[in-house]
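Thanks for coming, everyone. Let me put the structure up, and then we will walk through it piece by piece.

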Amino acid sequence: MYSLRLIPVSFIFVFLFSSARGGDPYFPAAGAGESGMGWSCVMKPGFWSSFHNQALLPFNKSAATGINYHSRFGISELGTKSAALVMPLDKAALGFVYSHFGYRDLARHSAGLACGILLSEKISAGVQADFFAEKTAGEYRERRSLSFEAGIHIKASEQVSLGIHLFNPVPGSFRKDKLPSSVRVGSGIRLSRDLFASAEAEMSTAGGLDIRTGFEYDPFRSFTIRGGFSSGGNSFCFGMGYIVRSVQMDLGFSTHDRLGVSTAVSVIFAFK
Amino acid sequence: MKRGIIILIVLLPVNAVYPQEERIPDIIMEIAEQLSEDETDADAAGDFAIRLYELAEKPVRINTADESELSRLFFLTDFQIKALADYIRKTGRIYSVYEIAAVPGFNTPLSAMVAPFVTLEEGTQEEKKKIRLRNDILMNFSVKFPPTDTSAPGGSWKMLTKYRFSAGPFSGSVTSEKDAGEKFLQGKIPVTDFLSANLVWEGKGFVRKVIAGDFGARYGMGTGINTGLRTGLSLTQPGYLSGGDDIRPYTSTDENIFFRGAAVQLRSGKTGMTMFWSRNLIDATLDTAGTQAYVYISTFQRSGLHTTSSSLAARDAVAETSYGLSLSTDIRSLRLSLLWTQNRFSVPVMNDDPAPRELYDFTGSVNTTFTAGYKYMPGRVLLYGELSVNPTGRKAFVQGLSFKPSDRLSMNLVYRHYDPGYISFHGKGLFSSSSGDNSEGIFGNFILEAAKHLFLSAGVDVKVNPWLKYRCSAPSYGISREVRLRYLPSEKVSFEAVYSYRQTMLDQPESTGIKKQCQSEATSLRGSFRYMPLEKLTLTTRIDHKSVSPAGSAGISMLQDISWRIGAIPATVWFRHCIFRTGDWDSRIYAYENDLVHSFSIPALWGNGSRSCVMISVRPSGHADFRIKFAFGESSVPDGSGSSSELKVQARIRF
């Protein structure tokens, strides 16, 4: 029964690698706010974006925890569930993220332990150790991999910031199961107190070049509107967020020119 | 106060020496990748890198230099050299390297390019009189995993050792190299596969320079003799059109291009003369015509690699004797020069069954070249030309024009004609093909400071090959175009975009019988962004795209460079991570990679994969520095040979 179901789902799964977000399939798909901005967030401080670029971790000023669900194209088998925790220290912060993608016969668990530190007023850097476990129906063994990712964040001026992130810059020959590798670079500008815009490029061995752009606008104090575009799959994105005391709720939507709409929802609780 | 400012300006470049040294790889990159595109002359990139490093180690003292000394900045045009000399003569001295940007013919990018290779120090009289022995030893070791050739007789590691000394007017060097796969020591007197040495004396009187041992030479536009770089390589870079005369000690590792003997440079007033004599053993494949009685050269071997039985048999198989005489004189703004040179081979060259393409190839054992050239620079215009002729009547002709309508605009125009069959064994003329013959074309470019901080340059080269050439069995033509836009809003930030297009004609691979030709086109786009958030930290992001036809394939790459000069210890770390995806070998992308001093690396990226490298340079004192580099990459390519890594180690000691 499920073997028939596995074929189309696996096909989409493989297809996703090169088009859903344009980049590597090991992307945590975390953060509805980031999803609403077309994932153009490598330079933008935030709870979930800290796991897109660990150099953003020190910008989290209070301990926080969050959960996220990302439904790709409304297919439950392609959903990603994530949970994360951030603990700020003096000029540094620690983070932990767990993510589960797929369903019983095609699943990937990933866990990461991250650390970010402010190196100077302008520069911060971060690194994350990753563990991946993948299971595919029909295969006897579970594929497990260890790797790392690292990034830096630069505050070029009061308004302009840059982010650089590398995933798995390790020779494939060092491990049994190869993992993709990627490089991601972006820049953001705060155009006014309420408006932030960003653009970034990512290239992964699992996909081509993906150019993204996004914005975030705060029309009211606690309410945020987001929009973006990603060239991978010609994906237009939009989203919104609302903060009630210590709780932040975000909703994000992204389209794909052939596969439909993906939805993301996340909740963050800050321990203030 | 004023005095203090002047002192500060003078000290600034001294403090900035280390960062300027770090600029050298960028300067090499700007040209080296273009050289690599021209597969037939890939080694030129190495020669270019070595010359730049040598120049950085012995920078030009611009405040006391005459035009001859300034011409050591070989990447500048004659025009720029004269403008720089005139500026220093008028103003007395230059106080900051940044001031060079104000010299007519220069701009901010060009002054940044010059900065690592000049010094503002003049040297005291005592220093000039004092003869102090300086020694410089450099050792490079590199190994690749997995080895590329496991059947080679020697180890898969490569080693390069250079020793150089100077003591007043005397200097000398010894270069030793073992390529990967070659035996470490060989011969009756055990030495490495390549060993080169020279001794130099330089004076300021009638005898200007004497070299004994291995040396290189270049005269005028290089149609007669040029053992260095082929000039006129870049369509949009500001320089590379210089036509200086020079003999120089040989320190490169090309094993077949240099001279081995003696050379003398004389000068009296405005007249100069150079004489040289050389007898060098070169690599060639020998054959016999039916019986052993008549031996001839069937092919010259240029790779310098001796790892197979055939290449070992060709090693030093032929003695080449070369000699020549050049004369030059300056009459106001006009320089006239003459060169006569002859090559003799101990074994004649013969082609007993020539293919149509080889119809004009050299045969015999003696070749003579006569060269006459001129250079005329009235005001803002530079006219230059050169004619070289073989006794067979085959000729090479170059005529160029450079002019500067305004300080913000410079233009170049060059026409060249190389007859099929024109031979100069040590010549590399302006815009010549790799074989040095069989091409005719016209080149033009301009460099414009379009607005404040914005620089635009563009160039076009159109050429025809009147006879057949490699991979093209018919007369052919080709076009190259390039546009380069550079925006430098501050010293910390730069943006660059480059568009280039190349069209050549090649045989259709599947055609049989009389081969048909097709147009091969390659279009490249490159964008790069460089940012220095801190004085010690430099970040560079670069994206390349290339498409080729008729294959219809495309390639794309994105790379991130991080260079960090650690403050606490005298060390610098470079890191690169590059992701690439190309459809096939034709759409490969070249990306220059920072490397050891006196070395270079320009990997061809193709397939789908990544390449990373990390290099650490430590300079514990002014007398020693060490570098270690580890590069690794993997790519899914059709032949499956996608994974490799390389380790390089360098030690350098000065005392």
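A word on terms before the tour. Two strands pair if DSSP finds at least two bridges between them. Helices (H or I, at least four residues) and strands (E, at least two) are DSSP runs, numbered from the N terminus. Residues are numbered from 1 along each chain as its sequence is written, with chains lettered from A and ligands numbered from 1 in the order in which they are written. This is a predicted model: local features need pLDDT of at least 70, side-chain atom pairs count only at pLDDT 80 or more, and totals for chains, interfaces and linings use all residues.

Now, confidence. pLDDT is the predictor's confidence in each residue, from 0 to 100. Chain A averages 86, and 88% of its residues score at least 70. Chain B averages 84, with 88% of the residues at 70 or above. For the model as a whole, ipTM is 0.86 and pTM is 0.85.

Where pLDDT is low, the predicted coordinates should not be read in detail.

On to chain B. It has 8 helices and 31 strands. Of its 655 residues, 40% count as buried. Buried means 20 or more other C-beta atoms within 10 Å of the residue's own; exposed means 12 or fewer; partly exposed is in between; and C-beta atoms are placed from the backbone.

Strand β13(B), residues 318-331, pairs antiparallel with β14(B), residues 334-349, over 12 bridges. In that pair, B:S328 stands opposite B:S337. The hairpin between the two strands has 2 residues, and B:R332 there takes a positive phi near 50°. On to the next partner: β14(B) also runs antiparallel to β15(B), residues 364-376, joined by 12 bridges. Here B:L334 faces B:Y376.

Next, where the chains meet. Two residues are in contact if their C-beta atoms, placed from the backbone, lie within 7 Å. By that rule, 21 residues of chain A touch 21 residues of chain B. Which elements of chain A give two or more residues to that side? They are β7 (160-167), β8 (182-190) and β9 (195-204). The chain A side holds 13 nonpolar, 7 polar and 1 charged residues. For those classes, Ala, Val, Leu, Ile, Met, Phe, Trp, Tyr, Cys and Pro count as nonpolar, Asp, Glu, Lys and Arg as charged, and the others, Gly among them, as polar.

β7(A) and β8(A) run antiparallel, with 8 bridges. A:S161 stands opposite A:G188. β8(A) pairs with β9(A) too, antiparallel, over 9 bridges. There, A:R184 has A:E202 as its bridge partner. A hairpin of 4 residues links β8(A) to β9(A). And β8(A) is mostly covered, with 7 of its 9 residues buried.

Which residues have the most contacts inside the largest nonpolar core? A:V183 and B:A591, in a core of 57 residues. A nonpolar core is a set of buried Ala, Val, Leu, Ile, Met, Phe, Trp, Tyr and Cys residues joined through C-beta atoms within 7 Å. Helix α3 of chain B, residues 43-57, gives the most to this core: 5 residues. Leaving aside neighbours within four places in sequence, A:V183 has contacts in both chains, including A:L166, A:M203, B:M558 and B:I579. Apart from this core lies another, of 22 residues, among them B:F75 and B:F117.

Last, some backbone details. The bond from B:F145 to B:P146 is cis, with omega near -10°. B:P146 sits in the loop between β3 and β4 of chain B. The bond from B:S549 to B:P550 is also cis, omega near 10°. B:P550 is in the loop between β24 and β25 of chain B.

Finally, A:N234. This residue is not a glycine, yet its phi is positive, about 45°. A:N234 lies in the loop between β11 and β12 of chain A. Why does A:N234 count as partly exposed? Because it has 13 C-beta neighbours inside 10 Å.
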